[in-house]
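Welcome, and thank you for taking a look at this structure. Please keep the view open while you read the short briefing below.

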Amino acid sequence: MKSTILLITILFIVSCEKDEKASYSKDLIGNWEGVKENYSYNITSNISQPVTIPYKTGTGSIELNGAEEASLKYMYLYYTNGILQIAVSKNGFGVPSEDTNFVLNIYDYGDFGSFSQLTKTSGDAADIYEGQLEFTVNGLDVTVLSGALYNDFVNDSVTVTGTLSAVQESVNAGTPREIGNVNWVFRSYEVSFLINDDKSFEQTIKTIDSETLEYSGTWNATSDEITFHYTNYSKTYEYNITNSDLELTFINDLCLLNPDECLPQYELMYGMEDGSLENVVLKKTTYFNKSSN
């Protein structure tokens with residue numbers, strides 16, 4: 001009887017040790033260098049309806065010429081409180097970019113006229129051009145017929161012309177739907193994780209503006225999730241390892257903390273019925289390669 005109890009005890013200890021060792025992949029240990037990020041926007045609507053997609057290129061383009069030259073191909077538009085707002089961008093909305101971006105906002109106040117503002121961003125620098133444009137709107141089609149925008153600090157102007165049609169797709173009630181999937185390939189931006197076997201980590205980020213940020217802390221993991229514990233907060237990712245590649249995926253319900261204020265803003269952007277949007281979930285996946293250093 002004593003021998004049986006001893007054998008069971010030994011088997012239990014060995015089993016626990018195996019479970020502990022197998023609770024996370026040892027391949028996590030190492031120095032990981034970021035390559036790119038993927039942004040996947042997903043929504044759930046409580047009714048079936050068409051939605052405007054600001055993450056996909058529309059048909060046609062709004063052209064900038066003069067002091068600035070670019071083609072703007074992303075757009076959304078909505079009416080609120082009797083005001084029409086049109087937002088047009090060179091780069092996709094909602095995704096960081098290392099390229100120079102232009103965002104044109106047109107405000108139509110009806111009988112009180114209209115106002116347009118073009119913002120150019122490059123790193124942490126920004127230039128603004130303002131003025132009035134002659135334009136027409138037909139459903140999701142916007143045509144800028146003529147007009148120029150001016151910079152108060154530079155004696156120069158940007159002419160704006162062209163036609164752009166926003167993208168619209170249908171969503172079904174109660175069914176989560178991906179409405180945007182965009183990649184950002186790192187160039188000047190850098191992010192790395194040094195994950196140590198002693199359950200400590202070091203994270204280094206070199207921003208687009210060449211600022212270097214350094215963080216450290218501890219971590220713990222299961223077979224499919226890893227949590228990094230920073231000084232004042234923790235962040236959990238799903239992870240997947242294939243050979244020398246690591247994927248860290250962070251699921252972020254963008255309106256979880258303030259749905260009453262947040263959801264209506266996205267309903268406007270997506271052209272949805274009031275009160276129909278249940279959530280907006282951003283699935284951000286960062287891809288890493290293991291460094292030999």
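This is a predicted model: local features need pLDDT of at least 70, side-chain atom pairs count only at pLDDT 80 or more; totals for chains, interfaces and linings use all residues.

Residues are numbered from 1 along each chain as its sequence is written, and side-chain values use heavy atoms, with hydrogens and water left out.

**Confidence**

- The average pLDDT of the chain (the predictor's confidence in each residue, from 0 to 100) is 90, and 92% of the residues score at least 70.
- Over residues 1–22 the pLDDT stays under 50, and the model has zero contacts beyond four places in sequence for them; a contact here means heavy atoms within 4.5 Å.

**The largest pocket**

- The largest pocket holds about 300 Å³ of space.
- On a 1 Å grid over the protein atoms alone, a pocket is an open set of points where a 1.4 Å probe fits, with protein on both sides within 12 Å along at least five of seven lines. Grid points are joined across faces, edges and corners, and the volume is the space filled by probe spheres set on the points.
- Its lining has 19 residues, and the closest to the pocket centre are Glu 37, Tyr 189, Gln 203, Ile 205 and Lys 284; a lining residue has an atom within 4 Å of a point.
- Strands E1 (30–45), E14 (190–195), E15 (200–206), E18 (234–242), E19 (245–253) and E20 (277–290) each give two or more residues to this lining. Strands are DSSP runs (E, at least two residues) numbered from the N terminus.
- E20 gives the most, with three residues.
- By class, the lining has 14 nonpolar, two polar and three charged residues. Ala, Val, Leu, Ile, Met, Phe, Trp, Tyr, Cys and Pro count as nonpolar, Asp, Glu, Lys and Arg as charged, and the others, Gly among them, as polar.

**Two loop residues with positive phi**

- Lys 199, in the loop between E14 and E15, has a phi near 70 degrees, a positive value in a residue other than glycine. Lys 199 is partly exposed, at 30% relative accessible area.
- Asn 243 sits in the loop between E18 and E19 and has a positive phi of about 55 degrees, although it is not a glycine. With a relative accessible area of 73%, Asn 243 is exposed.
- Buried means under 20% relative accessible area, exposed over 50%, and partly exposed in between (1.4 Å probe, protein chains only).

**The disulfide**

- The structure holds one disulfide, a term used for a pair of cysteine sulfur atoms within 2.5 Å.
- Cys 255 and Cys 262 form this disulfide, with their sulfur atoms 2.0 Å apart.
- The torsion about their S-S bond is about -55 degrees, so the disulfide is left-handed.
- Cys 255 is buried at 3% relative accessibility, and Cys 262 is buried at 13%.

**Two buried serines**

- Ser 89 lies in strand E6 (residues 83–89) and is buried, at 1% relative accessibility.
- Beyond its neighbours within four places in sequence, Ser 89 is in contact with Leu 72, Lys 73, Tyr 74, Asn 101, Phe 102 and Val 103.
- Ser 114 belongs to strand E8 (residues 114–122) and is buried, with a relative accessible area of 17%.
- Its contacts, again leaving aside neighbours within four places in sequence, are Tyr 107, Asp 108, Tyr 109, Gln 132, Leu 133 and Phe 135.

Methods
Helices (H or I, at least four residues) and strands (E, at least two) are DSSP runs, numbered from the N terminus.
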